[in-house]
Amino acid sequence: MSATDTQTPAAAPQDAAPVHKSWWRALMRDRAAMLALILLTIIVIAAIIAPLIAPHDPNLNSRSVMQPPVWTERGTWEFILGTDGQGRDILSRILYGTRLTLLIGLVAVGIGGVIGSGLGLLASMYPKIDPWVMRLNDMMLSFPAILLGLALVAVAGPGVWPVIVALGIASIPDCARIARSIGIGVMGQEYIEAGRAVGLSDWTIFRRYLLRNSISSIMIFLSLRFGQVILIGAALSFLGLGARPPASELGMMAAQGRDFLLFAPHIATIPSVVIFLIVLCANVAGDALRDVLDPRLKS
Amino acid sequence: MAEPLLSVRDLQVRFRSGGQSLRAVDGVSFDLMPGQTLGIVGESGCGKSVTSLSIMRLLPSPPAMIEGGQVLLQGRDLLKLSEAEMRKLRGGRMGMIFQEPMTSLNPVYTCGDQIIESLRIHSGLKGKDARDRAIELLTLVRLPSPEKRVDDYPHQLSGGQRQRVMIALALANDPAVLIADEPTTALDVTIQSQILDLMRDLQDRTGTAIMLITHDLGVVAETCQQVVVMYAGAVIEKGEVQQIFQDPQHPYTIGLMAAVPRMDTARGRLATIPGAVPPPWQAIPGCRFAGRCPLADDRCRKSPPPLRPITAGHEVACWKAPIEGARA
């Protein structure tokens, strides 16, 4: 017996380095993803160590009100990003606000992602429960996040946590839908049948076959959802539902700055730019995450 | 004659779809002897794959329902086993190879991981022992440089190589029965013959009985001792490979043989069988093949012919059999 099928060009990647070590290199090659990841890391670290690096107390009113940033004519190094309408240091408020904003995004997407994807994947794996899960989903979809937020605030009182829970619950049906459709595609693959033919249990099939093959696509959706949640969270703060003043939250800061848009535009634009950067970086990095999780895309 | 290793008795499978109930497999029976290769032949949609998946109890239910019959593995009825007992058999006593090597391996784990997983479940091997055994299996299926390949992901292998890994996976725990569902259909011709050679060779070494599902008569002639011909969900002819090839008795089998391109006869158009397989929702009172059969008469259209022996070991479901000089 000859070995012709072993020497076809299709077998070329055999010379490549062990695949599980090269994802880092693949990531390095993708400049945009690298940049996004670095920026995101900086933002996250800055948010975490905010109390250490914030130059001022974020809630302290100074005498210089609506001071422009340092790069403008009237800017000073004392308030690098200027001050807001009440004379609070914008840089410090941004650092603390990012904390809250990231917390809202991560926890809400975490709740929605874990519960939603779990339900969706289960529905795709067991056709028997599929209609039940999906009808429950439809009911939840028809309930707006803002209304849910209002209801929770009415029950639990205002604060960040009711908003996070509301956003998390509101994310469940979307995640479930996406996960289900991805899962149905994966369940139709022949390797699922092959896995069963090897005698794998349902739990192993779920974990190692279904989840593992769906997660990269679900991750992309979650990274998009992360951006959406931050924006909705900002909108809820704007309505006065989320973080309560004087605590800072990026969306609330943008909302407060809107009153001074004509003569002190930096008050609204700076937090908006930070939101924009976080959401953008999350989306680009989410895309790169898919590449890391999927061995087919590594080579 | 020895006891059959795997014995399928009067298997009935239905599919429920939109209130309708479709009969996919109707009273299929056959025996697989130890160390032998049994070919199951038939055109697309005749119930070959449904039969094999029923044996493994891998048919999705709903919509599929196994309504009757027995599948005896060394005397034990698989259809009565619990799901947990069945899981132990799958990949243990019974291995299965699929048609599409390109998509039959989990793309996110290495070939080695997948073999090791099966070894861990069924043979309790762990760590280095499992890895060594995986490399040994990959060597057995003649995958080149198996020490390196064991860490390769499926997408790094060619189709033929993946099918070798699938075979290694199926053979990992020394199965008594190997079910191969069109194992070479998706491969190109040179690789096909290599894979068939390999399966034959492994059978000689391990004594595994193989149930080979195919629509390629050439493959059957090369590898099988026993042949079952299926048509529209039922067995219409079965016998030893020489009997089926030298002296086919069912008009459908005769038609199939005539439709095989040959190198030695005059050229011209290949013979075809007119018409198509009746759809499963169509109720057929008589012989399933009557609508396409050149010999059909009123009796054929009214009452279904039973499977009956013509000569020793050769059974046909046709009122007209024995058909003299039937060979195309």
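Modeller: Helices (H or I, at least four residues) and strands (E, at least two) are DSSP runs, numbered from the N terminus. This is a predicted model, in which local features need pLDDT of at least 70 and side-chain atom pairs count only at pLDDT 80 or more, while totals for chains, interfaces and linings use all residues. Residues are numbered from 1 along each chain as its sequence is written, and chains are lettered from A and ligands numbered from 1 in the order in which they are written.

Colleague: How much helix and how much strand is there in residues 98-286 of chain A?

Modeller: That span is 81% helix and 0% strand, and its end C-alpha atoms lie 19 Å apart. An unreviewed UniProt entry annotates residues 98-286 of chain A as "domain: ABC transmembrane type-1". UniProt positions follow the numbering used here, feature names are shortened, and annotations may be inferred rather than shown by experiment.

Colleague: Where in chain A does UniProt place the feature "transmembrane region"?

Modeller: The unreviewed entry gives residues 32-54, 100-126, 146-170, 218-243 and 263-286 of chain A. Residues 146-170 are 88% helix and 0% strand, with end C-alpha atoms 9 Å apart. Residues 263-286 are likewise 88% helix and 0% strand, but there the end C-alpha atoms are 37 Å apart.

Colleague: What makes A:Ile275 count as buried?

Modeller: A residue is buried if 20 or more other C-beta atoms lie within 10 Å of its own, exposed if 12 or fewer, and partly exposed in between, with C-beta atoms placed from the backbone. A:Ile275 has 22 C-beta neighbours inside 10 Å and therefore counts as buried. This residue is found in helix α11 (residues 266-293) of chain A. Leaving aside residues up to four places away in sequence, A:Ile275 touches A:Ile230, A:Ala234 and A:Leu250, where contact requires C-beta atoms, placed from the backbone, within 7 Å.

Colleague: Why is helix α8 of chain A called largely enclosed by the rest of the structure?

Modeller: Seven of the eight residues of α8(A) (residues 190-197) are buried, so the helix is described in that way. The buried residues include A:Tyr191, A:Glu193 and A:Arg196. Their packing partners are α7 (160-187) and α9 (202-238) of chain A, together with α1 (48-56) and β6 (94-97) of chain B. Just after α8(A), A:Gly199 takes a positive phi of about 95°.

Colleague: How do the residues of β6(B) point, and are they buried or exposed?

Modeller: B:Met94 and B:Met96 point one way, B:Gly95 and B:Ile97 point the other way, and all are buried. β6(B) pairs in the parallel sense with strand β7 (residues 177-181) of chain B over four bridges, and pairing requires that DSSP find at least two bridges. Within that pair, B:Ile97 has B:Ala180 as its bridge partner.

Colleague: What makes β6 and β11 of chain B edge strands of the sheet?

Modeller: The open sheet has eight strands in the order β6-β7-β8-β3-β9-β10-β12-β11 (chain B), with mixed pairing. β6 and β11 (308-311) of chain B each have a single partner strand, so one side of each is left without a neighbour in the sheet. The twist averages 20° from one strand to the next. β11(B) pairs with strand β12 (residues 314-316) of chain B in the antiparallel sense over three bridges, and there B:Pro309 stands opposite B:Glu315.

Colleague: How do you know that the buried residues of α4(B) are on the same side?

Modeller: The buried residues of α4(B) are B:Ala130, B:Ala134, B:Leu137 and B:Leu138. They cover an arc of only 100° around the axis, which puts them on the same side of α4(B); the arc is that of the directions from the helix axis to the C-beta atoms. On the other side of α4(B), B:Lys128 and B:Asp132 are exposed. The buried residues of this helix pack against α3 (111-123), α5 and α6 of chain B.

Colleague: Why is B:Arg142 called buried, and why is B:Asp174 called partly exposed?

Modeller: B:Arg142 has 20 other C-beta atoms within 10 Å and is therefore buried. B:Asp174 has 13 other C-beta atoms within 10 Å, so this residue is partly exposed. B:Arg142 lies in the loop between α4 (127-140) and α5 (146-149) of chain B, and B:Asp174 in the loop between α6 (159-171) and β7 of chain B.

Colleague: What is the phi of B:Arg142, and what is the phi of B:Asp174?

Modeller: Phi is near 60° in B:Arg142 and near 45° in B:Asp174. Most residues other than glycine have a negative phi. B:Arg142 has a positive value in a residue other than glycine, and B:Asp174 does too.

How values were computed: Two residues are in contact if their C-beta atoms, placed from the backbone, lie within 7 Å. Axes are lines fitted to C-alpha atoms, for helices over the stretch in contact, and angles run from 0 to 180 degrees between N-to-C directions.
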